[in-house]
Amino acid sequence: MTATGETKMHQRPDGRTYATLRPLSSSLSMLTRADGSAKFSCGQTSILAAVFGPIAPRIEAHAHMSRAKISVVISKRSCLTHNNTGNVQEMEFFIANALSACIMTEQYPRTIIEVVVEVLKGDGSILSATVNASVLALMDAGLMMRSLPIATTCVISNNSIIKLDPTADEELEDGSASVVLVTESNINAAPPKDGANANLIGSTTFGLCTTPEKFLACVEAASRASSAVVAFMRLVLEQKLERESVTLWSDS
């Protein structure tokens with residue numbers, strides 16, 4: 001088989017290889033009434049996240065004495081158009097756990113940090129995009145974080161091929177399983193090599209059950225992909241700081 005033939009076999013309908021993410025884009029500080037906000041898009045999937053807090057809880061009994069409580073709410077207006085993301089309550093619980101593992105909640109005792117999310121457009125990988133949008137909103141709010149939870153979706157096709165960042169059509173293929181993994185990253189650290197030092201802090205699976213070998217292969221693929229997402233987040237933050245610096249000196 002020629003090299004051209006091999007490349008074509010590894011191409012998806014949108015032209016990507018199996019190990020390629022869709023184009024990423026993001027905007028920060030879009031909402032003036034939120035403490036932090038971010039719009040995060042991967043391909044046609046677009047998520048808007050807003051952070052409110054740390055704030056005192058309306059009911060004192062709902063607060064933790066030694067740390068902040070993370071609350072995630074997915075807006076009822078969200079566009080959840082296909083059935084491979086689980087129910088909304090499960091998504092909120094998964095996101096809250098991933099964020100809680102990386103926010104320095106002990107720095108904000110007796111408070112609540114609320115993350116409100118709206119799915120503007122859904123074309124696959126909704127849960128992982130929602131986690132990443134929430135992380136950007138938290139950083140925009142200036143909250144202290146010990147590390148970054150970076151989420152990646154992998155779909156395992158019925159012929160055992162692993163595809164990163166699947167579209168909605170790829171997630172709904174017959175006999176496929178979707179695995180959403182959250183790995184722990186540091187925005188200032190060097191990216192891991194060949195999946196080394198990947199710290200998995202959360203995972204969930206939709207569709208058919210997968211084998212341990214396939215799951216570990218997904219973890220390795222997600223670890224490699226997370227370095228690209230972290231690099232993108234670093235660029236987004238640097239651009240925001242540069243804009244704010246120009247505005248500050250212009251006003252002085």
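Is F232 buried or exposed in this predicted model? F232 is buried, with a relative accessible area of 15%. The cut-off for a buried residue is under 20% relative accessible area, so F232 qualifies at its 15%. Its ring belongs to an aromatic pair. A search of the whole structure finds one such pair. The partner is F40. The two ring centres lie 6.2 Å apart and the planes meet at 70°, so the pair is edge-to-face. F40 sits in strand β2 (residues 36-42), whereas F232 sits in helix α5 (residues 212-251). The pair therefore ties together parts that are 192 residues apart in sequence. F40 is buried as well, with a relative accessible area of 1%.

Not counting residues up to four places away in sequence, L24 touches F40, S41, C42, V229 and F232. L24 is partly exposed, at a relative accessible area of 25%.

S226 is buried, with a relative accessible area of 3%. Setting aside neighbours within four places in sequence, its contacts are I150, T183 and S185.

Helix α2 spans residues 88-100. Its 13 residues reach 18 Å from the first C-alpha to the last, close to the 18 Å expected at 1.5 Å a residue. The N-terminal end of α2 is capped by N87. A side-chain oxygen of N87 lies 3.2 Å from the backbone nitrogen of Q89. The buried residues of α2 are M91, E92, F94, I95, A96, A98 and L99.

The largest nonpolar core has 48 residues. Within it, L99, I113, L138, M139 and M233 touch the most other members. The largest share of this core, 10 residues, comes from α3. Beyond residues up to four places away in sequence, L99 touches I70, V72, V115, S134, V135, L138 and P149. Another core lies apart from the one described above. This other core has 10 residues, among them I156, V179, L181 and C218.

Helix α3 is mostly covered, with 15 of its 16 residues buried. The helix reaches 22 Å from its first C-alpha to its last. That span is close to the 22 Å expected at 1.5 Å a residue. G142 follows α3 and has a positive phi, near 80°.

Strand β5 pairs with two strands considered here. Strand β3 (residues 45-55) is joined to β5 by eight bridges, and these strands run antiparallel. In this pairing, I55 stands opposite I112 in β5. Six bridges join β4 to β5, and these strands run parallel. Here I70 stands opposite I113 in β5. I70 is also one of the residues touched by L99, and I113 is one of the core members with the most contacts to other members.

Several backbone features stand out. Most residues other than glycine have a negative phi, and most peptide bonds are trans. The peptide bond from G53 to P54 is cis, with omega near 5°. P54 belongs to strand β3. Two serines have a positive phi. For S125 the phi is about 55°, although the residue is not a glycine. S125 is found in the loop between β5 and α3, and is buried, with a relative accessible area of 1%. For S160, likewise not a glycine, the positive phi is about 70°. S160 is placed in the loop between β6 and β7 (162-164). S160 is partly exposed, with a relative accessible area of 39%.

Definitions and conventions: Residues numbered from 1 in each chain as written. Heavy atoms only, no water. Helix = DSSP H or I, 4+ residues; strand = E, 2+ residues; numbered from the N terminus. Expected span 1.5 Å × (residues − 1). Buried < 20%, exposed > 50% of the residue type's maximum accessible area, 1.4 Å probe, protein only. Polar contact = N/O pair within 3.5 Å; in protein donor to acceptor, adjacent residues only side chain to side chain. Phe/Tyr/Trp six-rings, centres within 6.5 Å; stacked < 30°, edge-to-face > 60°. Core = buried A, V, L, I, M, F, W, Y, C linked by side-chain atoms within 4.5 Å. Contact = heavy atoms within 4.5 Å. Pairing = 2+ DSSP bridges.
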